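Please keep the sequence and the 3D view at hand while reading.

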Amino acid sequence: MKKLNVSILQFPGTNCEYDTVYAFRRLGHETTLVWHKEESLPKQSDLVVVPGGFSYGDYLRAGSIARFSPVMKAVQAYAAEGGKVLGICNGFQILTEAHLLPGALKRNQNLHFISRIQHLKVVDTDNAFLNLCRRDEVLNIPIAHADGNYFVDDETLDDMERNGQILLRYCDKEGNPMVVNGSLRQIAGICNRDKNVFGLMPHPERAMESILGSEDGARMLEGFANA
């Protein structure tokens, strides 16, 4: 597999950037932290990651302020040229606010912050992110969010299903659908129509070692090097 240059964004309130750096370095890739006030990305970026946390304290709405940070213009231009972008948790929220991914993330249905290891069912592997996973495989990945309730209009959602844009669903250990936060059709992760922008609420960067409970995140992230 090829060695990647991974650019990882950093906003005020981001708290998973160093976990993300650790995860990609563990896989043998180069990483660069990019402060949100930068107006450009490193020239050799193979992947841009928008990590989890509470950018700007999630004021107004999760991801809604970070979406206007200078670096996001560079991310939008990068994605428009086919560059690969991954948003994890708050990063997923930011990508929907920036209209790089369809839909929105609302407050969890039970109004509580959810933090636990969660089973996920792989829905589609025909993409640069999950190509090392198997369709219908059940993964074990941590979740930690208060605003993970995915919503989009019915017409767009049906279109996403047809286009293979639904990547992951919440499930139980047998792979049966499971309501976790109220997300439509138990959606935990999606991509855009062109399959170069990806977003998920679970944290693969926290599932890199068996001693922490799971190594499933390693195969997810390593997919980008296999694409």
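## Salt bridges and a network

A salt bridge is a side-chain nitrogen of Lys or Arg within 4 Å of a carboxyl oxygen of Asp or Glu. By that rule R134 and E137 form a salt bridge, with their closest N and O atoms 3.8 Å apart. This is a predicted model, in which local features need pLDDT of at least 70 and side-chain atom pairs count only at pLDDT 80 or more, while totals for chains, interfaces and linings use all residues. Residues are numbered from 1 along each chain as its sequence is written, and side-chain values use heavy atoms, with hydrogens and water left out.

To describe how open a residue is, buried means under 20% relative accessible area, exposed means over 50%, and partly exposed lies in between (1.4 Å probe, protein chains only). R134 is exposed, at 55% relative accessible area, whereas E137 is buried, at 9%. A salt bridge also links R219 and D216, whose closest N and O atoms are 3.7 Å apart. Helices (H or I, at least four residues) and strands (E, at least two) are DSSP runs, numbered from the N terminus. R219 and D216 are three residues apart in helix α5 (residues 216–226), and so are separated by about one helical turn. R219 is partly exposed at 26% relative accessibility, and D216 is buried at 18%. Salt bridges that share partners join R134, E137, D216 and R219 into one network.

How many salt bridges does the structure hold? There are 14. One of them joins the side chains of K3 and E30, at 3.1 Å from N to O. Because K3 lies in the segment before β1 and E30 in strand β2, this pair ties together parts that are 27 residues apart in sequence. K3 is exposed, with 53% relative accessibility, and E30 is partly exposed, with a relative accessible area of 41%.

Contact means heavy atoms within 4.5 Å, and, leaving aside neighbours within four places in sequence, E17 is in contact with I8, L9, Q10, L33 and P51.

Which residues of helix α2 (residues 70–80) are buried? They are V71, M72, A74, V75, Y78 and A79. Seen down the axis of α2, these buried residues fall within an arc of 155°, so they line one face of the helix; the arc is that of the directions from the helix axis to the C-beta atoms. The face turned away from the buried side of α2 carries the exposed residues K73 and A80.

The buried residues of α2 pack against several elements, including β1 (5–10), β2 (30–35), β4 (84–88) and α3 (90–97). After α2 comes G82, whose phi is positive, near 95°. In the loop between β3 and α2 lies S69, which is buried at 4% relative accessible area. The C-alpha atoms of S69 and F11 are separated by 8.5 Å, although these residues are 58 residues apart along the chain.

## The nonpolar core

A nonpolar core is a set of buried Ala, Val, Leu, Ile, Met, Phe, Trp, Tyr and Cys residues joined through side-chain atoms within 4.5 Å. The largest such core here has 67 residues, and those with the most contacts inside it are L9, M72, V85, L86, F129, L168 and M220. Helix α2 gives the most to this core, with six residues. Apart from neighbours within four places in sequence, the contacts of F129 include L86, L167, F198, L200 and M220.

## Cysteines

A disulfide is a pair of cysteine sulfur atoms within 2.5 Å, and a search of the whole structure finds zero of them. For C16, the nearest cysteine sulfur is that of C89, 6.9 Å away, and for C191 it is that of C133, 14 Å away. C16 is buried, at 0% relative accessibility, and C191 is also buried, at 0% relative accessible area.
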